[in-house]
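Dear colleague,

Please find below the structure I promised to pass on to you. I would be grateful if you could read the notes that accompany it.

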Amino acid sequence: MKAFWMICALCLCTTIATAQSYRALRTTTDVACVLPAAAGVTMGIIAKDHRGLLQLGLSEASTLAVNYALELSIRKQRPAGNGEHAFPSTHTAFAFAGATHLQKRYGWKLGVPALAVATGVAVGRVCAKRHDVWDVLAGAAIGTCSSLLLTKRYSNGTVMTAAPMLTPEGGQGISVNVTF
């Protein structure tokens with residue numbers, strides 16, 4: 001998985017650095033915005049984490065629902081003047097929802113590279129003149145909040161708790177509960 005993220009980061013950085021036109025940069029962000037979600041699906045399949053896959057799907061679906069509702073109701077012009085669905089940035093929202101899911105579900109080792117890719121998407125959307133800073137900040141907030149609300153930390157399913165116990169007869173002991 002480390003190699004996957006390194007390749008993703010290298011591709012994103014070199015493409016942004018060498019993009020000769022706004023169109024090339026826009027295409028790069030079109031592809032890069034799905035990388036965090038694709039990594040989340042890959043991790044869910046590898047770990048046989050069906051709950052994680054469901055949580056990712058719900059996070060992304062709610063992100064898109066909120067995002068499109070705002071786009072349709074606000075109707076803000078894009079910086080280049082080629083459309084009126086600028087606020088908030090769907091690409092940024094989708095990327096940050098996937099990245100935040102990876103971070104919260106599986107930890108910082110996957111979260112930091114995913115958040116770097118999502119940040120690259122946000123910067124690329126501004127540089128390609130598809131959005132301004134407020135559009136991508138709003139998209140990032142929507143995606144992040146959605147995943148923070150709908151994603152739980154991953155565990156292998158085994159939970160053990162222990163607590164002191166008093167019996168009705170006056171006995172003392174320890175109650176141990178194991179869920180797997």
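Predicted model: local features only at pLDDT ≥ 70, side-chain atom pairs only at ≥ 80, totals over all residues.

Residues are numbered from 1 along each chain as its sequence is written, and side-chain values use heavy atoms, with hydrogens and water left out.

Overall make-up

The protein contains 7 helices and 2 strands, in the order α-α-α-α-α-α-α-β-β from the N terminus. Helices (H or I, at least four residues) and strands (E, at least two) are DSSP runs, numbered from the N terminus. Of the 180 residues, 38% are buried; buried means under 20% relative accessible area, exposed over 50%, and partly exposed in between (1.4 Å probe, protein chains only). Among the contacts (heavy atoms within 4.5 Å) with a separation of 6 or more, 64% join residues 24 or more positions apart.

Helices

Helix 5 (residues 90-106) has 17 residues and reaches 24 Å from its first C-alpha to its last, close to the 24 Å expected; the expected span is 1.5 Å times one less than the number of residues. Because 16 of its 17 residues are buried, helix 5 is largely enclosed by the rest of the structure. G107 follows helix 5 and has a positive phi, near 105°.

Helix 3 (residues 35-46) has 12 residues and spans 16 Å from first C-alpha to last, close to the expected 16 Å. Its buried residues are L35, P36, A37, A39, G40, M43 and G44. After helix 3 comes K48, whose phi is positive, near 50°.

In helix 7 (residues 133-150) lies S147, which is buried at a relative accessible area of 0%. Not counting residues up to four places away in sequence, S147 touches S59, A97, T100, H101 and K104.

Salt bridges and cysteines

The structure holds 3 salt bridges, each defined as a side-chain nitrogen of Lys or Arg within 4 Å of a carboxyl oxygen of Asp or Glu. One of them pairs R105 with D49 (2.6 Å, N to O). R105 lies in helix 5 and D49 in the loop between helix 3 and helix 4, so this pair ties together parts that are 56 residues apart in sequence. R105 is buried, at 5% relative accessible area, and D49 is buried too, at 4%.

K76 forms salt bridges with D132, at 2.6 Å between the closest N and O atoms, and with D135 (2.9 Å, N to O). The latter pair links distant parts of the chain, with D135 in helix 7 and K76 in the loop between helix 4 and helix 5, 59 residues apart. Through shared partners, salt bridges join K76, D132 and D135 into one network. D135 is buried at 0% relative accessibility, whereas D132 is partly exposed at 25%.

A search of the whole structure finds 0 disulfides (pairs of cysteine sulfur atoms within 2.5 Å). C33 is buried at 7% relative accessibility, and C145 is partly exposed at 44%.

Surface

The protein exposes about 10,200 Å², 68% of it supplied by carbon and sulfur atoms; areas come from the Shrake-Rupley method with a 1.4 Å probe, and for residues only the protein chains shown count as cover. L54, L58, L149 and L150 form a nonpolar patch with about 400 Å² of accessible area together. Patches are made of residues with over 30% relative accessible area and no salt bridge, like charges being joined within 9 Å and nonpolar side chains (Val, Leu, Ile, Met, Phe, Trp, Tyr) within 5 Å. Helix 4 (50-74) and helix 7 each supply at least two residues of this patch.

Yours sincerely
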